[in-house]
Amino acid sequence: MTTATSRRSDRRISPVFIGILAVTAVTGWATWTGFAEKPGVAVFLFVTAAWIVSLCLHEYAHARTALHSGDITVGSKGYLSLNPLAYTHALLSIVLPVIFVIMGGIGLPGGAVFIERGRIRGRWRHSLISAAGPLTNVLFAVVCTAPFWLDALDGVPADFRFALAFLALLQVTAALLNFLPVPGLDGYGVIEPWLSYNVKRQVEPFAPFGLLFVFALLFVPQINSAFFDVIDSVLSSLGISDFETYCGQDLYRFWQSSNEFCSVSP
């Protein structure tokens, strides 16, 4: 029997995604070599493009896991093409996360793709589909931090090192926030299959507001401080200092006056 997911066109990588990868590669090279006249612009484009790549992979991981768990409709919806324009919640998945990075340097979790849960059997499969997205952020964070904890930074230009540190910060915050067991986030999706019907029915009305609730809490100074203390501890254990993430964000926000403390000689 032929299904929508059996067509190669459903799994073909989108030219949009390839274009974003190209921007990541070119601006990463410009940051590394110092080719850009204004390094902050190159860092901004490199980190933003790489962040969008990670968001696409996050959504792809949800869809791919759902495909192998029984939802054969994800291919026809365009979720396997890595096209950010094909996602059900493109605003939540791409636009808002980028805005939050620009405004506050926080890795906002993206909105999940639409999975037809009725096609999936087994609580473990439902949990794994929800966990697949943030686990992708964890993997991305491991890749970004590997040069730090492997002591492989000799000769690496400081601008690139700072950009990589800031990108790692975004991945760690995205993973941590997404794993929170709050309705509407993937962490709740992991535990939801194991809850009773009555509990799920009582919690369901709050799901659309879960992410807003989390960010409202982050505006509380004590909670914000505790949250970033955890983030700093994780990054520190992986060999990334506060100085490197601070300077990465300072370079990223090139439209502000740069802190001379982070300036790097060519």
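Me: Which residue forms a salt bridge with R161, and how far apart are the closest N and O atoms?

Reply: R161 forms a salt bridge with E244, and their closest N and O atoms are 3.1 Å apart. A salt bridge here is a side-chain nitrogen of Lys or Arg within 4 Å of a carboxyl oxygen of Asp or Glu.

Me: Where do R161 and E244 lie?

Reply: R161 is in helix α6 and E244 in helix α11 (residues 242-252), so the pair ties together parts that are 83 residues apart in sequence. Helices (H or I, at least four residues) and strands (E, at least two) are DSSP runs, numbered from the N terminus.

Me: What sort of model is this?

Reply: The model is predicted, so local features need pLDDT of at least 70 and side-chain atom pairs count only at pLDDT 80 or more, whereas totals for chains, interfaces and linings use all residues. Residues are numbered from 1 along each chain as its sequence is written, and side-chain values use heavy atoms, leaving out hydrogens and water.

Me: Is E244 buried or exposed?

Reply: E244 is buried, because its relative accessible area is 10%. Buried means under 20% relative accessible area, exposed over 50%, and partly exposed in between (1.4 Å probe, protein chains only).

Me: How many salt bridges does the count come to?

Reply: The count comes to three salt bridges. One of them joins the side chains of E116 and K77 at 3.3 Å, N to O. That pair links distant parts of the chain, with E116 in the loop between α4 and α5 and K77 in the loop between α3 and α4, 39 residues apart.

Me: And what about R119: which residue forms a salt bridge with it?

Reply: E116 does, with the closest N and O atoms 2.7 Å apart. R119 counts as partly exposed at 40% relative accessibility. E116 is also partly exposed, with a relative accessible area of 25%, and K77 is partly exposed at 25%.

Me: Changing topic, what does T24 touch?

Reply: Leaving aside residues up to four places away in sequence, T24 touches F46, A49, A50 and V53; contact means heavy atoms within 4.5 Å. T24 is in helix α2 (residues 15-33) and counts as buried because its relative accessibility is 13%.

Me: At roughly what angle do the axes of α2 and α3 cross?

Reply: The axes of α2 and helix α3 (residues 39-69) come within 8 Å and cross at roughly 145°. The α2 side of the contact includes F17, I20, L21 and T24, and the α3 side includes A42, F46, A49 and V53. Axes are lines fitted to C-alpha atoms, for helices over the stretch in contact, and angles run from 0 to 180 degrees between N-to-C directions.

Me: What of the backbone: which phi value does L82 have?

Reply: L82 has a positive phi of about 65°, although it is not a glycine. L82 is in the loop between α3 and α4 (90-104) and counts as buried, because its relative accessibility is 8%. D151, also a residue other than glycine, has a positive phi near 55°. D151 is in the loop between α5 and α6 (158-178) and is exposed, with a relative accessible area of 66%.

Me: Last one: where is L135 found?

Reply: L135 is found in helix α5 (residues 123-149) and counts as partly exposed at 41% relative accessibility.
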